[in-house]
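Look through the sequence and the model below.

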Amino acid sequence: MKLGLTCAAAALLGALAPAAFAGGDVNIYSSRHYDTDERLYSDFEEATGITVNRIEGKADELIARVQAEGLNSPADVILTVDTSRLERAKNAGILQPIDSPVLEARIPAYLQDKDNEWFGFTQRARVIFYNKADVIDPPQTYEALADPKYKGMVCIRSSTNTYNQTLLAAIITHNGAEAAKAWAQGVVDNMARAPQGGDTDQLRGLVSGECDIAVANTYYFARTIRTEVEGVSDHLDMIGWVFPNQNSYGAHMNLSGAGVAAHAPNRENAIKFLEYLASDSAQKYFSAGNDEYPAVPGVGLPASVAELGFFKPDDIDLSLVAKQIPDAQKIFNEVGWK
């Protein structure tokens, strides 16, 4: 049963009130590598008296570590990026369901695991960018990226990239596996170069003229607005963007999220930390620090993100999307998406 927002806010304030210091520790295994997250941890410690201990590493390495540690794992919270990795952690059996009226009320249902084993705390839209001088009719949908008229024009990351895996999984969920495979083949046929580099490298491809159309997450581009990014920030005037599928299901969103570890020794403190991440103050800092969209509705956007404009996000249940990720990787292999 979900509580109203007023009750949830009261519960959150009660949980974080300085007069009700919980004390103790919370051990966070994090694959987020952003220096700006430091403030989140220090503010939580100040608000609760709970000491934050962190182990950082790549997502798959941390998942394997927690599995190897088994019942003796000190992990309380698993914090990572992208729906595919959150689902990987769930399928590995290293998360547990929790009951939190605060999270149920604050985090939209489509950004939660259906079994309450993970919750999304920030979002990124996967967007189509284009060279405004060379492309007068940019793709308006993900599906249009496969249109033969864009042959030799598209820069996009490899099939091993989790953002692309989740995007294809979403396309499977919306359109079916057969249509998704045809789409993936069409994108491969339209590639300007073999997949290489990260999202920022796709934007650099636009600037250098290697391609005229690129796919990247919004936070990579918003970062080039807020701070100097070599090879992009000095050429922002030439780059346009499209939030895809605004007349259908909306722009694909992927997540940064977390869950409570299956054998968390400090379970209650772990839940308090997740509830803290859903607070207005943490949401504002979480999103502003890395140019992301908050997961909690009504929280203000950082200026760099607001500059991209309003759009319709895809609100499909990401638990359903996550189940299609193995099929997405199979399709990538079948069409030769490197």
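Thr218 touches Arg124, Ala125, Val127, Phe243, Tyr293 and Leu308, leaving aside residues up to four places away in sequence; contact means heavy atoms within 4.5 Å. Thr218 belongs to helix H9, residues 218-226. Helices (H or I, at least four residues) and strands (E, at least two) are DSSP runs, numbered from the N terminus. With a relative accessible area of 1%, Thr218 is buried. Buried means under 20% relative accessible area, exposed over 50%, and partly exposed in between, using a 1.4 Å probe and protein chains only.

This is a predicted model, in which local features need pLDDT of at least 70, side-chain atom pairs count only at pLDDT 80 or more, and totals for chains, interfaces and linings use all residues. Residues are numbered from 1 along each chain as its sequence is written, and side-chain values use heavy atoms, with hydrogens and water left out.

A disulfide is a covalent bond between the sulfur atoms of two cysteines. Here the term is applied to a pair of cysteine sulfur atoms within 2.5 Å. Searching the whole structure gives one disulfide. Its partners are Cys155 and Cys211, with sulfur atoms 2.2 Å apart. The pair links distant parts of the chain, 56 residues apart: Cys155 is in strand E6 (residues 154-155), and Cys211 is in the loop between helix H8 (199-208) and strand E7 (213-217). The torsion about the S-S bond of Cys155 and Cys211 is about -110 degrees, so this disulfide is left-handed. Both Cys155 and Cys211 are buried.

Next comes the cavity. On a 1 Å grid over the protein atoms alone, a cavity is a set of points where a 1.4 Å probe fits but cannot get out, and lining residues have an atom within 4 Å of a point. Volume is the space filled by probe spheres set on the points, which are joined across faces, edges and corners. The count is one cavity of 30 Å³ or more.

Arg88 lies in helix H4, residues 83-91, and is partly exposed at a relative accessible area of 29%. The side chains of Arg88 and Asp60 make a polar contact (2.6 Å); this term means a pair of N or O atoms within 3.5 Å, where within protein one must be able to donate a hydrogen and the other to accept it, and residues adjacent in sequence count only if both atoms are side-chain atoms.

Conventions:
On a 1 Å grid over the protein atoms alone, a cavity is a set of points where a 1.4 Å probe fits but cannot get out, and a pocket is an open set with protein on both sides within 12 Å along at least five of seven lines; lining residues have an atom within 4 Å of a point.
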